[in-house]
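The following note sets out numbered points for a colleague who is reading the sequence alongside the coordinates. Each point may be checked directly in the viewer.

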Amino acid sequence: MESLLLFIAILSVATVRCESLVRSVAASNRTTFTLRNNCRYTVWPGTLSGNGVAVLGGGGFELAPHAVISFSAPPGWSGRFWARTGCSFSNNAAVGPKCATGDCGGALNCTLGGTPPVTLAEFTLANRANEKDFYDVSLVDGYNVGIGITALGKLPKGSSCGYAGCVSDVNARCPPELRVKKRNTTETIACMSACEAFQTEQYCCTGAHSVPRSCGPTKYSKLFKAACPSAYSYAYDDPTSTFTCSAGTKYLVTFCPSGATANAAHFRPRLPGHFVHH
């Protein structure tokens, strides 16, 4: 009887250790995203999963100037982050948009994408350790807030990650025909894509312009590209806009990055203390 009890006790300990190991391995396979607000104003980041694998950060939250927040995603997660501006969620009973830009159906916790014009940080994470993550910053839906993506820390062996995104503010150089202005002011708060503004095949890469050879850069996409040289400025802007990293890489998504942000990406900056969201 004593031998049986001893065997049961040993089996129980082994089971607990095994479960702990499984949890540890599962946690180590997750990808950490850190979002930093480098803007002088509050933003309300939105998050949206493209494949339903997981909802990150509850779908949306408030991020004060210079604030930082982190959360993790499971292998195979695919989705996007963006910044919303000029939001007010004090009257949840009111119908309609709650944000001046990037609104997602009037909700704090997004289940829909951001309303254009909106800048997007897009990721598709690897399913397995020997695969690659893909990421980009896209201005195809227009621009509201600059975004930069940087790989953090010591990169996995074989990684060749690049800085994706902006080095200056598109809104400051947005032509009059693309400007979205703050209500009752002359302040430009977003810049429409030429597709959204003019709805033509040439600018939308549709119809007779639906393939890369017939849909090239325009004067408007070149303007976007000047401010965000490593971001998608139009639908077929792939060669300078899509980046890969080895599975397990940690990423920093910065709102309102600067040229210094892009330069610092080469040094893998260590972040100050920040709140970690689980």
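1. Gly76 has a relative accessibility of 10%, and because the limit for a buried residue is under 20%, Gly76 counts as buried. Please note that this value, like the others below, comes from a predicted model. Gly76 is placed in the loop between strand E3 (68-73) and strand E4 (78-84).

2. Which residues does Gly76 contact, once its neighbours within four places in sequence are left aside? They are Asn51, Val53, Leu125, Ala126 and Asn127. A further spatial relation concerns Thr31: its C-alpha atom lies 9.8 Å from that of Gly76, although 45 residues separate the two in sequence.

3. Cys205 is found in another loop, the one between helix H3 (201-204) and helix H4 (219-227). With a relative accessibility of 10%, Cys205 also falls in the buried class. Not counting residues up to four places away in sequence, Cys205 touches Ser210, Cys215, Tyr234, Ala235 and Tyr236. From the C-alpha atom of Cys205 to that of Gly216 the separation is 8.5 Å, and the two residues are 11 apart along the chain.

4. The aromatic residues deserve a separate point. The structure holds 15 aromatic pairs. One of them joins Phe33 and Phe123: the ring centres are 4.7 Å apart and the planes meet at 65 degrees, so the pair is edge-to-face. Phe33 belongs to strand E1 (residues 31-37) and Phe123 to strand E5 (residues 120-124), and the pair therefore ties together parts that are 90 residues apart in sequence.

5. Are these two partners buried or exposed? Phe33 has 0% relative accessibility and counts as buried. Phe123 is likewise buried, its relative accessible area being 2%.

6. Phe33 also forms an aromatic pair with Tyr251, and this one is stacked, with 6.0 Å from centre to centre and 25 degrees between the planes. Distant parts of the chain are linked here: Phe33 is in strand E1 and Tyr251 in strand E12 (residues 250-255), 218 residues apart. Tyr251 is buried, as is Phe33.

7. The largest pocket may be examined next. Its volume is about 550 Å³. The lining of this pocket comprises 21 residues, and those nearest its centre are Tyr41, Asn144, Asn171, Glu187 and Thr188. How many of the lining residues are nonpolar, polar and charged? The lining divides into eight nonpolar, nine polar and four charged residues.

8. Some totals for the protein chain complete the picture. The chain has five helices and 13 strands. Of its 278 residues, 43% are buried. Where contacts join residues at least 6 apart in sequence, 66% of them are between residues at least 24 apart. The accessible surface of the chain is about 14400 Å², and carbon and sulfur atoms account for 57% of that area.

Technical notes
Residues numbered from 1 in each chain as written. Predicted model: local features only at pLDDT ≥ 70, side-chain atom pairs only at ≥ 80, totals over all residues. Heavy atoms only, no water. 1 Å grid on protein atoms, 1.4 Å probe; cavity = no way out; pocket = protein on both sides within 12 Å on 5 of 7 lines; lining within 4 Å. Points joined across faces, edges and corners; volume = space filled by probe spheres on them. Nonpolar A, V, L, I, M, F, W, Y, C, P; charged D, E, K, R; others polar. Helix = DSSP H or I, 4+ residues; strand = E, 2+ residues; numbered from the N terminus. Buried < 20%, exposed > 50% of the residue type's maximum accessible area, 1.4 Å probe, protein only. Contact = heavy atoms within 4.5 Å. Areas by Shrake-Rupley, 256 points an atom, 1.4 Å probe, with all protein chains shown as cover. Phe/Tyr/Trp six-rings, centres within 6.5 Å; stacked < 30°, edge-to-face > 60°.
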